[in-house]
Amino acid sequence: MLKETRNNAIIFNLCFFALACSVSLDLLVKGYPEKIFYLVSYVAVTYIILNTYKNPKILVSDKPLMLLCISLIFFSASKLIRAELFKNTDFIDIRDNYHTVGKRFLLTAFVLFYFNQCRRMLNKNVLKVSIAALFIGLIMALWLGYLSRTELEPRVKWTTDAATTGAYLAVFISMISIILIRKCFQSSVLSLLMFLGTFLASMIMVLLTETRAAIFLTPVLYLAFFLGVYSRIII
């Protein structure tokens with residue numbers, strides 16, 4: 001764990017809220033979510049390097065997380081290597097996509113490690129505001145997606161390159177939302193109501209994309225989460 005100082009807590013909470021805003025904006029605007037993610041990831045990289053220099057043992061303080069981060073690093077390396085091997089290809093967009101995916105997965109490993117090390121510094125009010133930002137982002141994306149449908153383009157894709165990508169991104173954002181809701185409100189009735197509201201919004205969004213795999217996958221994910229967290233409320 002990183003040392004719990006006032007400055008560390010302030011920086012971490014700012015990063016947490018910024019990343020929540022970045023995720024909530026992913027389906028609404030282009031450019032800004034990526035810039036916010038890179039800013040947070042650079043803070044994470046800086047803190048990890050500085051604190052690892054002071055105390056190298058933090059790298060192995062959580063072995064499951066360490067293995068996850070190593071897996072992400074190897075995955076990102078495979079993408080970056082492939083981008084370099086095929087840098088002379090005529091399909092420039094595919095090469096650039098490999099490079100972007102590799103870089104983001106590499107930075108994600110640092111962000112996950114940083115957030116795990118600082119998790120005890122998370123302010124509950126910051127967590128609540130972050131949940132609100134994610135929920136508002138989902139509702140706005142749902143509304144804009146509904147308005148954007150046309151006879152020529154019935155499948156909604158928002159800011160992504162395809163409706164399928166938009167569907168999985170909507171599921172990703174909604175799953176982050178319910179995980180944070182669970183952390184903040186535990187297994188309370190309010191938590192259950194917010195869970196159901198998030199499920200309803202994400203399910204409608206997935207239906208708007210007409211992505212069959214996501215339409216079948218989303219209820220399964222939510223059902224598994226419900227049985228693991230909220231079943232005892234009903235019982």
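Glu210 is found in the loop between helix 7 (189-209) and helix 8 (212-229), where helices are DSSP runs of H or I with at least four residues, numbered from the N terminus. The structure is a predicted model, in which local features need pLDDT of at least 70 and side-chain atom pairs count only at pLDDT 80 or more, whereas totals for chains, interfaces and linings use all residues. Residues are numbered from 1 along each chain as its sequence is written, and side-chain values use heavy atoms, with hydrogens and water left out.

Phi of Glu210 is positive, near 55°, in a residue other than glycine. Most residues other than glycine have a negative phi. Glu210 is partly exposed, at 37% relative accessibility; buried means under 20% relative accessible area, exposed over 50%, and partly exposed in between (1.4 Å probe, protein chains only). Trp158 is placed in the loop between helix 5 and helix 6. The relative accessible area of Trp158 is 15%, and the residue is therefore buried.

The structure holds one salt bridge, defined as a side-chain nitrogen of Lys or Arg within 4 Å of a carboxyl oxygen of Asp or Glu. In this salt bridge the side chain of Glu210 meets that of Arg149, at 3.9 Å from N to O. The pair links distant parts of the chain, 61 residues apart, with Glu210 in the loop between helix 7 and helix 8 and Arg149 in the loop between helix 5 and helix 6. Arg149 counts as partly exposed, at 37% relative accessibility.

Pockets were identified on a 1 Å grid over the protein atoms alone. A pocket is an open set of points where a 1.4 Å probe fits, with protein on both sides within 12 Å along at least five of seven lines, and lining residues have an atom within 4 Å of a point. Grid points are joined across faces, edges and corners, and a volume is the space filled by probe spheres set on the points.

The largest pocket has a volume of about 1700 Å³. Its lining comprises 35 residues, of which Val23, Asp26, Phe37, Phe172 and Ile176 are the closest to the pocket centre. Two or more lining residues are given by each of helix 1 (6-25), helix 2 (32-54), helix 4 (92-117) and helix 6 (163-185). Helix 4 provides the largest share, ten residues. By residue class, the lining of the largest pocket holds 20 nonpolar, eight polar and seven charged residues. In this division Ala, Val, Leu, Ile, Met, Phe, Trp, Tyr, Cys and Pro count as nonpolar, Asp, Glu, Lys and Arg as charged, and the others, Gly among them, as polar.

For the second largest pocket the volume is about 170 Å³. The residues that line this pocket are Ile48, Leu59, Met66, Cys69, Ile70, Ile73, Ala109, Phe110 and Phe113. Helix 3 (63-85) and helix 4 each supply at least two of the lining residues, and helix 3 gives the most, with four residues. The lining of the second largest pocket is made of nine nonpolar residues, with no polar and no charged ones.

Val40, in helix 2, is buried at 2% relative accessibility. Val40 and Cys15 are 25 residues apart in sequence and 5.6 Å apart in space. Thr164, in helix 6, is partly exposed at 34% relative accessibility. Between Thr164 and Leu190 there are 26 residues in sequence and 32 Å in space. Ser22, in helix 1, is buried, with a relative accessible area of 4%. Ser22 and Arg182 are 160 residues apart in sequence and 20 Å apart in space.
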